[in-house]
Structure formats: structure tokens, C-alpha cells
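Reader: I'd like to learn how to read salt bridges and helices in a model. Could you walk me through them?

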Amino acid sequence: MLLEKRLEEILKLVEKNGSVTVQELTEHLQASESTIRRDLCLLDEEGRLNKVHGGATAINAYYASGKDVEVEYRKNLNREEKTAIARYAASLIKPGDLVYLDAGTTTERMIDFITEKKAVYVTNAIGHARRLVEIGCEAHILGGKFKLSTEAIVGIETVSELEKFNFTTGFIGTNGISRTAGFSTPDIEEAMVKRKAVIQCRRPYILGDPAKFNQIAPVTFAGIEDAELITTEIRHDSFRDLKNIMETTVK
């Protein structure tokens, strides 16, 4: 296949799916890996896509800002989807579970649907801990630095405390979901906590509404297959073959 035709096909796939891997391109175009990587470098230099590790993403796949959005504003975004995800996630908690509940608006919404009082909950969000105790749950809060914009406890001390726990299950929020860049968040200290939480959970779940797909925040905290993903809809073909995505329905 001629160079121009190959570049055209690459751009079509990226625009259709939001992201694409080198392996997918080699199979689709019947070209060598080295050829595909050169093509991606060329398209990246021309500003027609974003070359990332293992593939490429569409130009609009990145967040316009690498900063966290205030909690109060995020609570009103995609409310129906977050509620459906939260309801389903809460139903997964079983008696005797040691549960990690990450800071975030979707994980906070879970508390409205948590009925399992024979589980123990650990969180890095002061508000989450307070609400869990109010509904009769045993809740523990991690120590560390308080981050106002996300109302999360973060930092090295928080990561160190997480090492003490062997969670049966955990629910972690994300700002971005990408086939190539995995799960990501804007702040490196918060990413460290999320990464450690995923590692310490026997069954880690990432909660992400459809608007997070093909978004990439500055810091990756887990690979796309490192945890189960709970969402309401898969809108992009590039994610449909993944076996670790759990879809629930907006009611």
C-alpha cells in the first residue's frame, strides 16, 4: 500500500475509534510494526494525531486542561450515568468484604445505594467516611495531605497506609479511559494513591461514565486491563473486544 493511502487509512481508524494500537494497525494494513511506527511519527509531527506509547489517539482525545475540576461542578456532570454506575457498583459489595472507596463524585454516589453493613470500608475521602458512618457502616479514613479540589487525602503517607490493607474489592474513579494510555488522572499524588489501591484490591473496579472514554489525563495510574471497568455504554468500537468492561443500564 502506498504511503498516502496508508496514512489516510490510519487517520480514518483513529477518527472513528478515538484511539488505535500499533498491533491493530499492523493487522488492518498488513504492514510491519516499524512501518506503522514511522507513519505515526510522521502524522504526529504534522499535528494530525497524537502518538502515544503503543499507538495513537485523535487530536481531541486529550483534556484541554491538566487540572482537576472542582467537586461541586463535577457532581452535576453526567448525573444519570453516574447514578446507574454507582447503583450497580454498590450491589457488588458482599458480607465480610474489606472495601476501598476512592474519593470522587461517582464513588460518593455509591453511598446512596450501599446496604451491606457487614462489610468494612476504607476511604481517602473525609466526606465519604462521614456519610458511611451516618448510614451505619464501619468506616476508616486514610491519613495524608488533604487536597481541596477533589476533597481527597493524597500523598506518600496515604500510599504507605494502603500497603497495610488487603482489600477484597475496591472502587476507584478515573478522569480518562484510553485503549493506549489506560486509566488516568490529572494529579500525580492522586495517581499514586489510585495505583496503589488497584494493586491492593483482589477485585478492583474502575467507575467511568461514557464521557471519560478516549480521554487522557496527564498521569496514568493503571493499564486498561488492570481492573474491571463499570460504565453505562461503550460508544467506541476500539473498546468492544475488551472482556473486563461491565455495562449497566441508565434507569
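This is a predicted model: local features need pLDDT of at least 70, side-chain atom pairs count only at pLDDT 80 or more; totals for chains, interfaces and linings use all residues.

Reader: How many salt bridges does the structure hold?

Author: Side chains of opposite charge can pair when their charged atoms come close. This structure holds 17 salt bridges. In one of them, R179 pairs with E24, with the closest N and O atoms 3.9 Å apart. These partners sit in distant parts of the chain, 155 residues apart: R179 is in the loop between β10 and β11, and E24 is in helix α2. R179 is buried at 15% relative accessible area, while E24 is partly exposed at 25%.

Reader: Which side chain does K145 meet in a salt bridge?

Author: K145 meets E189, at 2.6 Å from N to O. Here strand β7 supplies K145 and helix α9 supplies E189, 44 residues apart. K145 is partly exposed, with a relative accessible area of 44%, and E189 is partly exposed too, at 25%.

Reader: And are E190 and K147 buried or exposed?

Author: Both are buried. Their side chains form a salt bridge of 2.8 Å, N to O. E190 belongs to helix α9 and K147 to strand β7, so this pair ties together parts 43 residues apart in sequence.

Reader: Now the helix: what should the span of α5 be?

Author: At 1.5 Å a residue, the 13 residues of α5 (residues 79-91) should span 18 Å, and the end C-alpha atoms are 18 Å apart, which agrees. Among the buried residues of α5 are E81, K82, I85 and A89.

Conventions
Residues are numbered from 1 along each chain as its sequence is written. Side-chain values use heavy atoms; hydrogens and water are left out. Helices (H or I, at least four residues) and strands (E, at least two) are DSSP runs, numbered from the N terminus. The expected span of a helix is 1.5 Å times one less than its number of residues. Buried means under 20% relative accessible area, exposed over 50%, partly exposed in between (1.4 Å probe, protein chains only). A salt bridge is a side-chain nitrogen of Lys or Arg within 4 Å of a carboxyl oxygen of Asp or Glu.
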